[in-house]
Amino acid sequence: MNLLPTTFRGPSLAAAVLLTSAMALLVGGSASAATSFAPVIAQVQPKIVKIYGAGGFNGMAHYQSGFLISADGFVLTAWSYVLDSDVVNVILNDGRKFKAELKGIDPKLELAVLKIDAKELPFFELAKTATPEEGSRVLAFSNLFGVATGDEAASVLHGILSIQTKLEARRGVYETPYQGPVYVVDAMTNNPGAAGGALTNLHGELIAMLGKELKNARNNTWLNYAVPINELREAVNEIRAGKVRPRADSQAKKAKDPLELSMLGLNLVNTGLERAPPFIDQVYGDSPAAKAGLRTDDLIVFLDNQLVQNSKSLRAEMLRIERDEAIRLTVMRDGQLMEFTLQAPASDEPRSEKPARRSEDDRDER
Amino acid sequence: MTARRQSAAFVGWLLSLAALLAATPPMYADDVDSSVLQAEAERIAAVKKATPAVVCIFVQGGMGGGSGVVISPDGYALSNFHVTKPAGTGMKCGMADGKVYDAVIVGLDPTGDVAMIKLLGRDDFPVAELADSDAMRVGDSCFAMGNPFLLATDFHPTLSYGIVSGVHRYQYPAGTLLEYSDCLQVDAAINPGNSGGPLFNAQGQLIGINGRGSFEKRGRVNVGVGYAISINQIKNFLGYLKSGRIVDHATLGARVGTSDEGRVVVTDIIEDSDAYRRGLRYDDEIISFASRPIRTTNTLKNLLGIFPKDWRVPLSYRHQGKQYDVLVRLAGVHREAELIALTNEPEEGEEPPAPEEPKEQPAPQPGESPRPKLPLPLPLPGPKGKPKKSKLPSPHKKASLPQIVKDHFEAKTGYANYFFNKLNQARLAKAVAGHGEFGRVSGTWTLSGEAADHSPVSIRLGAKEATCELPVGLTKIDVTQSLDAVLNPPASGGMLAGLHMWKKLLVGGSGKFDQAYYLGTAPVPMFDQLADVLIVTQGAVEARFYLDPHSGLLLAVELFPDDNVDPCEIYFGDYRTEAGRKVPYRMEVRHGDQLFGIFALKKFEMAENEGT
C-alpha cells in the first residue's frame, strides 16, 4: 500500500484551503464570564481580514493583516512589499476570498487602502475611534505567523498600552518615514504578518493599526507598537475620496555623504528606462563588488533585505546610506538568490577603472 | 496609668491591630471594584487547585527536561514526546510539594507529540481535572504551568497567564512527526521547558498540553504565540498510551480538496482503504466527519489529527446525490516499522517545537541587551555550587536506572514499555475470567435459537469443526486448519471463525493464541463509552475483542481474515448466567455494510469435554 496518498498532511493541500466556502467560525461553550474577553472578541473578529500578496521567499512572509473600514469593502492595512503584487487577495473572517484593488497608499504613514467587491460587511468606523490612556488594556487582532487560513479567525493577543510616544525606529539601516505618535504595547505584536492588524480596547473599539516589524532606534530591540487611527484618518479619508497622496517620500533621511554604486565597483545595465530591473552591467576589477563575488548579469533583488523595485528606486535608496556603511545585496543568479556584503573603500582610495574580465572558471566557484 | 497597664493597653492595641490586619483585605480594597477582587480570588483559587499536579521533568544525566502533569492518583502523567525522548526509559519528576519522584515511560504518540509517563511510589498523587477543551473560546483566560528554562529547581512550577488566541489551529508536522491538529493557540508565555506542561482554563482545569510555539527572529523564546495539544485529542489517545505502545495517528485513505462551489470533495482515494469499501468514491462530497460538519479541507485535516489509528468514526458523504452515513475504520499514518524508526531517530526536525532546552543561545545583536545565561544543563551549577534539595543523578549520560524504574519496564520492539501492555493484558485476562470458569467446558458448545424472522438457528462449536445451521443450509469450517481458508457461513465474513476464536479465549485465555496484545480503548458500535480492546492472532487471522471497561464483559469480537478486507463483527448482548458462567443470549452479526443476522438464543449448552 502506498502510504503517501493516504495522508492528508501534504502541504500541497494548503493551497486548496484558500478556496474554502463561507462558514462563520462558531465558538461555543461557557467559561467564567468575569475574566473572558470572548464576547468582545467575537464581535471584532468579523472585521479582521487576512491579506495575501508578494513574498514567500527569503524569509519574507507573503501575508499580512488588515481590517474593514466600510460596509462596502474598504480595507485599511500597512503599506508593504506584500501589496506590491499584481494579485492581492483578501480573505474575510468567514472564509470568503476577494481580489483586492489597491486604492491608494500613504508612504509616510506606511498605510494602504484596499477595496474588495462586497457588501454589508461588518466594519470599524474610523470616525468613532477610541483614545486610550496609558495603562489601559488592549487587544491586538492579526494573522501573525499566518496561523489562520480560510475561515479560521485571526489571532488575538492581550496586553496593556505601555506608553504613547513618538516613533524612533529603524528598519534595517533606514530611519522609518513615520516618526509621529505611536502606542507601544506589551503584547507581542512585532511578528511576521501582524502589520495592518487592529488594536482595540476591551470594548472592541478601534484604537490603532498594528505597525510593521521595526526595531527601536535607540536600543535595537524589536518594538511592539501601533499607529493611532487619529494619525491615519485624514490620509485614509483622502484616499477614499479619490485624492492622490504623494508617493515620493520627501521626509526620509538623506545621507550626508551617500554611497554610490560606482564606489562599490558596479554599473547597472542602462536602458534609459527608470523602471528597468537593476541588472549588473559591469563589475570593476579589484573593487569591493568584484571581491565579494558579484558578476555581470546578476539581478539585484534586495538591498539590506528590502525589496528593490527597479534601478531608479535602488539609486534612490542608496542616497540614504552613508558611504562608510556596509550594505547587503541579495541578487538573483541562475534562478537562485545569493547574498553579498559590500563596503566601499575609504574615500581617498583610488578605484580601478578596468572592468573585471568574466572568469571562465565561474562555474567551478560553486 | 501604671506602666503595667500601659503595656497591657499597648499589647491590646497590637493584638487588635493584628486582628484587623488579619481580618481585613489590604487598604486599597476600598477603591477596588468588588468584581475585580472576586476575579482575583477566582484566579488564586484556580492556581491553587492546579499547582499540585504539575510536574517538572528532569532528564537523568543533565540532558535537559521539561514539564508534565499528573492525571490519575496512581501517577499516570502527560508530557511531550519531544521532552521524554532524550530521557528514554526513566526520568526524575519534581512536584510542587518539593519532592522528587522516579518516573518511567509508559506510552508514546510521536505524531501527536504526546508521551505518557508514570510517577512511581505513591497511589495518592494530586491530579489535574480534565475539562472539555472544545468549550474554550478565543479570549477566554488560561494559564500555563511548568518548568520554563528549567527554572523550577525547587520543583515549584512557573505560572504564566494569558488568553486563548485561537482555537482549532493546525500546525504542520516537523517531518512526519509532531503534528499539532485542532490545537489551542495562546498568548500565555510558552517557553523552552514549558513543553509537556499543562494549560489550564480559568477554573484550573486541564485543557491542553503545551508543546510548541511560533518563533522567529528573537531566538527560541516566547513571542506571544504558543500552542497546546487539546486535552480532547489526548482523551482519545489515553487508552492507547496506557497500552505501553508507540501509537499512530489516523488517515482516511483519501485526499480531499475544495471544489469551486466550496464543497469538500474526494480528489483521490485508495482502493484498499476502508473508506473505499464503505462506498466513498472520487468526487464524492464529504458532509461531516466525527459528527462535525465539514466545509473546508482544513476542518477535515484538523479532525483527522485527533483520532488514533484503527478507530471507527462516523462519516457522512454524498455520492451521486444521495447521502450515506457510515462508520469508517481509520488507517495509520505510518507503517509500524516506519514509526519505530522515526521514534528512534535523532532529533532536529524542520521546525523543532519549543524544546525542552535551548541548544544554543543566539549571539546578542549589537545594541541588544544580552539575554541572561540560562541555568542549563542540569544539574544546576548554581551560586551554591551544587543542586539543592534534589536527588538529581550525576551528570553522566548513561546514568543507571533506579530499581523502581527497572521494576516497571520491559523493552520490546514497537513498544515504549511492554511492561504496561502486559499489565493491561493481565487486567483483561481477569475480566475474561470474570465471565466464569470456562476451562472445564472445552467440549462442544451448542447454541440454538432463532433469527429475527423466527427461523431456527443452530451453532455448534467443536474441537475439530464448527458448524452453523440456518434455513439456507448447513455450513461448517475445519478449525484445525487455517481459519482464513473458509469464511462460513457465506456473506458473514467469517462468523464461525470469529465464534471459534471467542470460545478459545473464554476457555483458554489469550495465552492460547500465537500472539496477544492490548490495543488500548476504542469506540465500538452499540456502546456509548470507549471499550478495552484485546487483539489476538492465530495463524493468518486476527481477532479483536472489545470489553466493557467497567463490567469486564465481552461486547464484541471482530474477525479479520486478512488485511484490507472487512471483518466479521459479532456483537454480544443479553448476558445470562448459565451454571455460574456469563454467556450472551443475543448475537448480532455484521459484515461490511450488511447485517448478516440477529440471533436470539434459547439454549446455550457447553459440554465438559469433546464428545459428551
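Start with chain A, which has six helices and 22 strands. Here helices (H or I, at least four residues) and strands (E, at least two) are DSSP runs, numbered from the N terminus. This is a predicted model: local features need pLDDT of at least 70, side-chain atom pairs count only at pLDDT 80 or more, and totals for chains, interfaces and linings use all residues. Residues are numbered from 1 along each chain as its sequence is written, while chains are lettered from A and ligands numbered from 1 in the order in which they are written.

**Stop 1: chain A as a whole.** Of its 366 residues, 41% count as buried. A residue is buried if 20 or more other C-beta atoms, placed from the backbone, lie within 10 Å of its own; it is exposed at 12 or fewer and partly exposed in between.

Stop 2: Select residues 137-142 of chain A, strand E8, and residues 198-201, strand E13. They pair in the antiparallel sense over four bridges. Two strands pair if DSSP finds at least two bridges between them. Click on Leu199(A). What stands opposite Leu199(A) in E14(A)? It is Ala208(A). Leu199(A), in E13(A), also has Ala140(A) opposite. Next, find the hairpin of E13(A) and E14(A), with four residues between the strands. Gly204(A) takes a positive phi near 80 degrees there.

**Stop 3: the barrel of chain B.** Six strands form a closed barrel in the order E1-E2-E3-E6-E5-E4 (chain B), with antiparallel pairing. From one strand to the next, the twist averages 40 degrees. Zoom in on E5 (residues 100-109) and E6 (residues 114-119) of chain B, an antiparallel pair with six bridges. In this pair, Leu108(B) stands opposite Ala115(B).

**Stop 4: the helix across the strands.** Select residues 231-242 of chain B, helix H4. H4(B) lies across E3, E5 and E6 of chain B, at about 105 degrees to E5(B). Axes are lines fitted to C-alpha atoms, for helices over the stretch in contact (C-beta atoms, placed from the backbone, within 7 Å). Angles run from 0 to 180 degrees between N-to-C directions. Is H4(B) mostly covered or mostly uncovered? Mostly covered: ten of its twelve residues are buried, including Ile234(B), Phe237(B) and Leu241(B). Finish just after H4(B), at Gly244(B), which takes a positive phi of about 80 degrees.

Key. Two residues are in contact if their C-beta atoms, placed from the backbone, lie within 7 Å.
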